[in-house]
Amino acid sequence: MDVPTGEAADAPLDKPSVARMYDYYLGGFHNFAIDRQAADTVATLHPDVALVMRANRAFLRRAVHFLIVQGIDQFLDIGSGIPTVGNVHEVAQRENPAARVVYVDSDPVAVAHSAAILQGNDAAAIVQADARRPEQILSDPVVRRMLDFDRPLGVLIVALLHFIPDDGEAYGLVRAVRDAVAPGSYLVIGHGTMEGLPPERYAQMERLYAQTTNPGRFRSRAAVERFFEELTVLEPGIVHVPLWRPEGADDLFPPSTRTVHQLRRCRLQTVGVAFPHLLLTHWQGPLCIASTIFLI
Ligand SMILES: C[S@@+](CC[C@H](N)C(=O)[O-])C[C@H]1O[C@@H](n2cnc3c(N)ncnc32)[C@H](O)[C@@H]1O
């Protein structure tokens with residue numbers, strides 16, 4: 001396992017970090033007061049935000065499982081996040097112990113904790129890099145040594161592109177990856193969309209995220225579809241994450257103490273409808289949309 005250049009000690013603590021906020025939403029402990037405060041403020045605008053994150057995580061797990069079944073045995077996970085339950089190498093290597101995974105993230109805490117849990121795992125590594133510079137990722141010596149670009153690859157870009165607000169950089173990342181991989185590779189994208197969000201609520205969320213380490217910008221459905229141009233989109237197409245090949249009730253209703261807590265809060269404060277109805281209401285509305293694509 002290669003030792004990454006980033007250390008948690010480098011973590012900027014003057015701003016909330018989207019990686020640490022995500023960890024907090026998922027019930028992790030690699031976050032600080034500044035992150036929890038920002039995450040709680042977002043939750044007041046979007047009370048089921050933690051549920052969305054869990055649904056996203058479940059989507060990632062299903063996508064990796066799907067790719068393993070297709071025979072993919074090497075993964076490049078860009079914007080991989082702080083390790084949590086169901087990390088890509090765990091899902092992949094449970095089904096194929098020889099599967100190789102390279103994680104890429106720019107956040108020092110994500111990198112340090114990934115390095116710690118990957119100690120002794122020769123088939124997985126973490127690289128600290130900025131996804132806005134794909135050429136650096138694609139030429140990174142660890143990436144090149146671990147992954148064989150002459151064979152099909154599973155590329156995961158999940159819940160990252162909305163943290164790359166510049167269109168040139170976001171589409172440029174996807175284009176660079178598409179150009180680099182072998183025929184038969186798969187690309188998995190999860191992207192936040194403002195679809196169904198009241199514009200003023202979206203604007204408030206954008207302002208909140210502007211104060212974090214990675215200001216974000218959700219894109220419209222049409223803008224998200226552009227990432228998939230000239231690619232074959234697999235069934236069921238570009239859909240809200242829980243609807244992408246759900247395997248059971250948990251995929252539609254991911255359990256979580258904190259999520260339940262937030263939903264209860266929401267129920268009391270805003271709508272007062274039954275729990276499942278609330279979930280369904282929200283899932284018809286603003287959520288990440290995602291799809292898996294087959295590269296020809
Ligand atoms: C919401 S998390 C998603 C984690 C994981 N992909 C998932 O879906 O569970 C977004 C991650 O993208 C990382 N990130 C944001 N901007 C980045 C950039 N320019 N380069 C690399 N990583 C970035 C953040 O540090 C964070 O860990």
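Q: What describes the packing of helices H3 and H4?
A: Two packed helices are described by the angle between their axes and the distance between the axes. The axes of H3 and H4 (residues 88-95) come within 9 Å and cross at roughly 35°. Axes are lines fitted to C-alpha atoms over the stretch in contact, with angles from 0 to 180 degrees between N-to-C directions. Helices are DSSP runs (H or I, at least four residues), and strands are E runs of at least two, numbered from the N terminus.

Q: What kind of model is this, and how are residues numbered?
A: The model is predicted: local features need pLDDT of at least 70 and side-chain atom pairs 80 or more, while totals for chains, interfaces and linings use all residues. Numbering starts from 1 along each chain as its sequence is written.

Q: Which residues make the contact of H3 with H4?
A: Arg 61, Val 64, His 65 and Ile 68 of H3 meet Val 88, Val 91, Ala 92 and Glu 95 of H4. Contact means C-beta atoms, placed from the backbone, within 7 Å.

Q: Where is Gly 71 found?
A: Gly 71 is in the loop between H3 (49-69) and strand E1 (74-78). Gly 71 and Gly 154 are 83 residues apart in sequence and 9.9 Å apart in space, C-alpha to C-alpha.

Q: Which helices each supply at least two residues of the shell around the ligand?
A: Helix H1 (18-25) and H3 do.

Note on methods: Contact = placed C-beta atoms within 7 Å.
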